[in-house]
Amino acid sequence: MFKKSIIIFITALCLPRYVVANDMDLSIKGLKGSLKSNVDVYLTAIPEKDYDTSLRFQARLESNITEALNALGYYHPTFDFSVSKDGDTLIVDVTPGKPVLIEQLDIQFEGEAKQDKDFAALVRLSGLKIGKRLNQGKYDALKSGIRNLALQKGYFEGDFTDSRLEVSPERNQAYIHLHFDSGIRYHFGETTITGSQIEEDRVHSLEPYEKGDPYLVSDIGVYNQNLSNTDWFSSVFVEPDLSYLGEGRELPVKVSLAPQAKNQLETGLGYSTDVGVRGSLKWKKPWVNSLGHSFDSSFSLSKPEQTITAGYRIPLDDVLNEYYRIQYGMKKVDNRDTKSLESNLALERHWTLDNGWHRTVFIRYLLENYEQGVQDDNAQFLLPGISFSRTRSRGGAMPMWGDRQAVTFEYGDPKAMSETQVLRVLAGTTWIRSLGDNHRGLFRIDGGANITNEFDKLSPSLRFFAGGDNNLRGYGYESISPRDSSGALTGAKYIATTSLEYQYRVVGNWWGAMFYDYGDAFNDKPEFKRGTGVGIRWESPVGPVRLDFAWGLDANPGDEFKIHFTLGPEL
């Protein structure tokens with residue numbers, strides 16, 4: 001007994017003993033890649049204030065690191081502890097040992113999922129293979145993935161009859177058993193709608209599925225989104241009626257709706273250096289009747305421009321993607337050398353195409369009474385046309401990726417209520433691209449042409465003027481165009497402008513910008529103008545706010561510097 005006690009005492013003296021220290025650092029060596037990353041995650045559970053060199057803390061480290069390595073298939077790690085020469089760092093040299101390999105992969109499906117290729121693909125992509133190192137995370141991911149896929153595809157009664165992960169550390173072998181009995185796959189049954197003020201045929205037309213189709217939870221989500229996008233309802237809730245489980249293959253769908261407010265008013269107050277202070281009032285009726293027709297109108301008031309518009313939308317069978325729109329607008333302009341009172345009445349047919357492009361075929365009647373420089377006249381035009389546009393973006397109000405393309409053609413002829421023959425073409429594209437989280441680039445190019453032999457018969461709203469906040473910075477709003485004999489602006493046959501801008505995130509939602517603009521509005525030969533400057537961008541809760549300090553490099557002496565302030569989307 002005495003000899004045994006001496007041996008124990010001597011052994012204890014030989015163990016490494018370090019003085020407990022505060023503000024210790026920890027250094028893990030011998031690991032890299034996923035092993036190092038997983039160990040780092042597990043060690044975050046230990047507060048840094050607990051770091052010391054005690055045997056108890058070393059045992060705690062061994063336990064956490066072993067658990068982290070076990071998850072990645074390493075069950076035989078060894079540890080060597082030491083302290084740096086300055087005594088401030090505890091060094092743990094870890095040898096992970098031989099990995100545990102998958103010896104048996106027993107994955108079976110019963111029920112209708114046995115023939116479902118999506119389950120087979122899930123197993124194939126799981127990363128679990130015989131002879132490969134065990135990764136418990138991949139096992140857990142496959143197990144939860146099978147459950148989620150079953151729910152997504154309507155195998156509501158599916159469950160595991162066997163789910164085991166067995167590890168034999170002595171043999172470095174793992175055995176995986178996953179047996180899943182899916183039962184039947186449910187199909188869509190009758191859809192019942194409650195709370196709708198819109199005819200049920202219209203609501204049903206938005207269903208992305210038909211009665212009898214195999215169930216997909218994504219179809220439920222699409223239907224919910226379709227109903228929300230109509231703007232007919234203040235709340236939308238679509239769900240399968242799970243109370244019918246076990247009562248046949250078809251599962252009814254319940255749709256609960258609440259009507260949107262029939263009248264909506266919105267007021268606004270803004271400012272831009274182009275038009276100064278601008279006030280606006282919008283009145284909208286998201287639904288006028290049970291057919292889902294809608295009405296919108298707006299009134300905008302600023303010193304140089306006053307505008308009133310009203311539109312009536314008539315949805316067709318494909319409610320979201322096809323509709324007619326009747327629109328009327330009146331605009332009064334008193335700006336520089338232009339005084340104009342114009343009225344526009346348009347009938348439009350809209351399609352949203354499968355490739356994301358929006359197509360509009362329209363005919364509009366323009367009546368305008370105007371003074372443009374020395375010219376005092378009135379004009380009418382009947383302009384049929386077609387336009388294509390597409391906007392794509394990823395991100396918030398200031399997307400990190402996006403683009404917009406648009407092109408419009410319209411034609412007027414004196415044989416059909418127009419003052420003169422004219423073909424108008426307008427086109428533009430804007431691109432936004434980013435590098436990382438702090439660098440954005442914006443490129444824009446726009447152009448327009450009036451192809452006519454009698455330009456003087458075109459009213460001012462059909463002519464082109466360059467310059468301003470969103471056109472050619474460093475120059476006054478619509479201050480660039482050819483001039484008449486009195487020196488007054490006449491408007492132009494053609495316009496071409498482009499802009500290149502670089503933005504850098506300074507902090508949070510604040511960005512700095514540098515830009516270069518180039519363009520002209522001209523009749524025969526362009527005399528391109530250049531503008532450059534710096535700016536500030538703020539991603540505000542109501543949209544991007546832009547403040548620019550611009551220099552017109554080809555402006556008249558004394559008029560080279562402009563400040564531009566705008567609020568509105570970049571695309």
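Here are some notes on this predicted model, taken point by point.

1. The structure holds 30 of them. As background, side chains of opposite charge can pair when their charged atoms come close.

2. Lys153 pairs with Asp118 in a salt bridge, with 2.5 Å between the closest N and O atoms. Lys153 sits in the loop between H5 and strand E5 (159-168), while Asp118 belongs to helix H4, so this contact ties together parts that are 35 residues apart in sequence.

3. Glu410 and Arg424 form another salt bridge, their closest N and O atoms being 2.7 Å apart. Glu410 lies in strand E18 (residues 401-412) and Arg424 in strand E19 (residues 422-435), so the pair links parts that are 14 residues apart in sequence. Glu410 counts as buried because its relative accessibility is 5%, under the 20% cut-off. Arg424 is buried too, at 4%.

4. Lys562 and Asp559 also meet through their side chains, in a salt bridge of 2.9 Å, N to O. Here Lys562 is partly exposed at 22% relative accessibility, and Asp559 is partly exposed with a relative accessible area of 36%.

5. Which residues have the most contacts inside the largest nonpolar core? They are Val203, Tyr223, Leu227, Phe233, Val238, Val255 and Leu257, in a core of 22 residues. At least two core residues come from each of strand E7 (187-194), helix H7 (217-229), strand E8 (233-240) and strand E9 (250-259). E9 gives the most, with four residues.

6. On the surface, a patch of positive charge is made by Lys129, Lys132, Arg133 and Lys138. Of these, Lys132 is found in the loop between helix H4 (117-124) and helix H5 (136-152). Is Lys132 buried or partly exposed? With 46% relative accessibility, Lys132 counts as partly exposed.

7. Finally, a pair of prolines. Pro544 and Pro569 are 25 residues apart in sequence, yet their C-alpha atoms are 6.1 Å apart in space. Pro544 is part of strand E24 (residues 543-552), and at 4% relative accessibility Pro544 counts as buried.

Notes
Residues numbered from 1 in each chain as written. Predicted model: local features only at pLDDT ≥ 70, side-chain atom pairs only at ≥ 80, totals over all residues. Heavy atoms only, no water. Patch = residues over 30% accessible without salt bridge, like charges linked within 9 Å, V, L, I, M, F, W, Y side chains within 5 Å. Areas by Shrake-Rupley, 256 points an atom, 1.4 Å probe, with all protein chains shown as cover. Salt bridge = Lys/Arg side-chain N within 4 Å of Asp/Glu carboxyl O. Lys, Arg positive; Asp, Glu negative; His and termini not counted. Charge placed at Lys NZ, Arg CZ, Asp CG, Glu CD. Buried < 20%, exposed > 50% of the residue type's maximum accessible area, 1.4 Å probe, protein only. Core = buried A, V, L, I, M, F, W, Y, C linked by side-chain atoms within 4.5 Å.
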